Amino acid sequence: MNGTDEGATGSRRMSFESVHKWSATLAAVVALAFSIYNFAELQKKPKIDVTLPHLLRTGPVDNGVVFQIQPTVSTRFKTQDVEVIRDAHLQLTPVGSISSLKKPIFYWHETGTYVYDFSSDEVNYRWTSDPAPFVVSQDKPQQPTLAFWADNWTFQPGQYEGSLRLSRSENHSPLIENFCLIISKDAANEIRGAAQRRIFFFRDDLPKFHSSGKSPQCYRRETD
């Protein structure tokens, strides 16, 4: 009986050790797989999202116009790499009844920011940098106010199709966001007759235009 019990005990011990070894090996393989997956996720190139604001700013400057736009540039994924936005381009094309008009040639003039002044209860524009590349990562989203200038040009009443294009690093395709802008006759006269560097607001979320159903997605002057 003792020999039989010892044999059975030894068999059970060997079986347990075998299962334990396989369990340990399986756990190690799973842990390695997770490590490889996490490493691969960290090494991924960040997926960049660009969102346009509800408000655009424009006005006269020198013999042309300045157009200011503040996109939100961010990534939803945590990676070790960062994305570099190397250049920004703005296009504005007259369409419809004004499609034959001269198309403005915008260039990225500078980057700025708007700061609230408590003493005067005003929001003032400040220069922050020359047109230069900027870095985007998960812990560092960007909301630069990009200022574009077009020389020897001004707005005429009508509709414009616009696009903001952000050029990226490492031969990635550019990020492009499209929008439309409607300039009323009053808004065009207001801009042309304004003092230098006066800024006018255009919004795409005004309830009165959304309820009208006529090009509700376009940016318009609130006073229209």
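**Entry 1: T75**

I started with T75, which is found in strand β4 (residues 72-75); helices (H or I, at least four residues) and strands (E, at least two) are DSSP runs, numbered from the N terminus. The model I am looking at is predicted, so local features need pLDDT of at least 70 and side-chain atom pairs count only at pLDDT 80 or more, while totals for chains, interfaces and linings use all residues. Residues are numbered from 1 along each chain as its sequence is written, and side-chain values use heavy atoms, with hydrogens and water left out.

Is T75 buried or exposed? I get 7% relative accessibility for T75, so T75 counts as buried; the classes are buried under 20% relative accessible area, exposed over 50% and partly exposed in between, with a 1.4 Å probe and protein chains only. I also checked T75 against Q142: the C-alpha atoms are 9.8 Å apart in space, and the two residues are 67 apart in sequence.

**Entry 2: the whole protein**

I find three helices and 12 strands. Of the 224 residues, 35% are buried. For contacts (heavy atoms within 4.5 Å), I looked at pairs at least 6 apart in sequence, and 66% of these join residues at least 24 apart.

**Entry 3: salt bridges**

I went through the charged pairs with the rule that a side-chain nitrogen of Lys or Arg lies within 4 Å of a carboxyl oxygen of Asp or Glu. How many salt bridges does this give? The count comes to three.

One of them joins R168 and E83, at 3.4 Å from N to O. R168 sits in strand β10 (residues 158-168) and E83 in strand β5 (residues 83-95), so this pair ties together parts that are 85 residues apart in sequence. I note that both R168 and E83 are buried.

Another pairs R221 with E190, with the closest N and O atoms 3.1 Å apart. Here too distant parts of the chain are linked: R221 is in the segment after α3 (207-212), E190 is in helix α2 (residues 185-192), and 31 residues separate them. R221 is buried at 11% relative accessibility, whereas E190 is partly exposed at 27%.

D205 and R203 also form a salt bridge, their closest N and O atoms being 2.8 Å apart. D205 has 27% relative accessibility and counts as partly exposed; R203 is partly exposed as well, with a relative accessible area of 26%.

**Entry 4: the core**

I then looked inside. The largest nonpolar core has 36 residues; such a core is a set of buried Ala, Val, Leu, Ile, Met, Phe, Trp, Tyr and Cys residues joined through side-chain atoms within 4.5 Å. Which residues have the most contacts inside the core? I get F67, F148, F155, L166 and L181.

I followed up L166. Leaving aside neighbours within four places in sequence, L166 is in contact with V50, V73, I85, D87, A88, L146, P174 and L175.

**Entry 5: the largest pocket**

For open space I used a 1 Å grid over the protein atoms alone, where a pocket is an open set of points that fit a 1.4 Å probe, with protein on both sides within 12 Å along at least five of seven lines, and lining residues have an atom within 4 Å of a point. The largest pocket holds about 250 Å³ of space. I count 14 lining residues, with Q68, Y114, Y125, R197 and I199 nearest the centre. The elements giving two or more residues to this lining are β2 (55-61), β3 (64-69), β6 (106-117), β7 (122-129) and β9 (145-150). Which element gives the largest share? β7 does, with three residues.

**Entry 6: T128 in β7**

While in strand β7, I picked out T128. T128 is partly exposed at 40% relative accessibility. Leaving aside neighbours within four places, T128 is in contact with T111, G112 and T113. T128 and E110 lie 7.9 Å apart, C-alpha to C-alpha, and 18 residues apart in sequence.

**Entry 7: positive phi**

Last, the backbone. Most residues other than glycine have a negative phi. N152 is not a glycine, yet has a positive phi of about 55°. I place N152 in the loop between β9 and β10, exposed at 56% relative accessibility.

R197 came up again here, with a positive phi near 70°. R197 is in the loop between α2 and β12 (200-203) and is exposed at 55% relative accessibility.

Definitions and conventions: Points joined across faces, edges and corners; volume = space filled by probe spheres on them.
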